[in-house]
Each structure stands twice: as structure tokens, then as C-alpha cells.
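Please consider the model shown here, with attention to its nonpolar cores, one of its helices and its aromatic rings.

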Amino acid sequence: MDFLEVIEKRHSVRRFEDRPVDREVLDTLISIASTAPSSKNCKSSAYMIIEDPSTIEALSQMRSSGSSFVKDAPAVIVVLGNSSLTDMWVENCSISATFLQLAATALDLGSCWVQVAGRPRDNKQPEGEKAEDYVRELLGIKDEMRIECLLAVGYEKAA
């Protein structure tokens, strides 16, 4: 598939087949994302691949809306930014996540971005607990690492 076909085919996928994605394929996605440009080439983005169904289920509960579909994804990639390396971690993570989504499309996988940074757990309480704090505690993520988004990844379920 050439680049223009990837761009044309890419869309958000929230319904996934009940089959795993080979770890080699997930590692390829991370390898591709690692080539993404970053501010001053600081390479502040990092990734966690989650395949454990119970952890994915818990991640799907990080927000009161917009994340429940994650429970059906066979894999989730957490896109992190090292805030001790640069104040441009959000931009760097966003570019990396976009590379991940385009690579997923090129490999015939579906994906969907779920925003974490800056989002409340409960939309009715925007000043309450933050989704990022929930994910950080659930996954044991260090303080200098910020969580930009989750990418649900898998094979698209036919409508």
C-alpha cells in the first residue's frame, strides 16, 4: 500500500475482531513510531504495549465517556512523553501517535486515539480526578513520564 492509499484508508476503528495482533507486528509499529521527528531530535516519546485483557478492561474505564470501546481491543499502545527532556512532549507524542496510526493502517490494522492528557475521568466533574492520574497509577508510570493518549489497536470488525 503506498502512502496516499494509507492516508485515504485511515479512519478511527472502535470495533475489533476477537483475535490477537502478533507481538512482532506490535513491535514493528513501535519501531516505526520511533522514527517520528521530535523537537531538537530529543526523542522524548515512549510506548507501552498492553495486551493483558484485564488491564485493557481497566484502561477502558479511565473516562466516563469516549474510552469504553477500548475493552474490545486486543492491544493498546500507551503513548508517553518524557517531560524532563522537553516542554514539547505533547507535540512529539502527537506526531509519534500519528505515525503509529498510519503504520497500523499500512499493516491492515485498525486503530483509534483516546486522549488522556488534560481529560477528566468524569465529564460531569471536570475539576475532579484526571484520566492521566488513573492510567499512571494503574500502569505504575513514573512522574517524569506524561501520558498523551492510548491507541486501541486490532483488526477491524466488519459492520
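In the largest nonpolar core, which has 25 residues, Met62, Val135 and Leu150 touch the most other members. Such a core is a set of buried Ala, Val, Leu, Ile, Met, Phe, Trp, Tyr and Cys residues joined through side-chain atoms within 4.5 Å, where buried means under 20% relative accessible area with a 1.4 Å probe, protein chains only. Two or more residues each come from α3 (53-59), β2, β3, α5 (131-139) and β4, elements taken from DSSP runs (helices H or I, at least four residues; strands E, at least two) and numbered from the N terminus. Apart from this core lies another, of 22 residues, including Ala75, Leu100, Val153 and Tyr155.

The model is predicted: local features need pLDDT of at least 70 and side-chain atom pairs pLDDT 80 or more, while totals for chains, interfaces and linings use all residues. Residues are numbered from 1 along each chain as its sequence is written, and side-chain values use heavy atoms, without hydrogens and water.

Helix α4 comprises residues 89-106. Asp108, which follows α4, has a positive phi near 60 degrees.

The charged end of Arg19 sits over Tyr155, 3.6 Å from the ring centre, and that of Arg121 over Tyr134, at 3.8 Å.

Methods:
The expected span of a helix is 1.5 Å times one less than its number of residues. A charge sits over a ring if NZ of Lys or CZ of Arg is within 6 Å of the ring centre and within 35 degrees of the ring normal. Buried means under 20% relative accessible area, exposed over 50%, partly exposed in between (1.4 Å probe, protein chains only).
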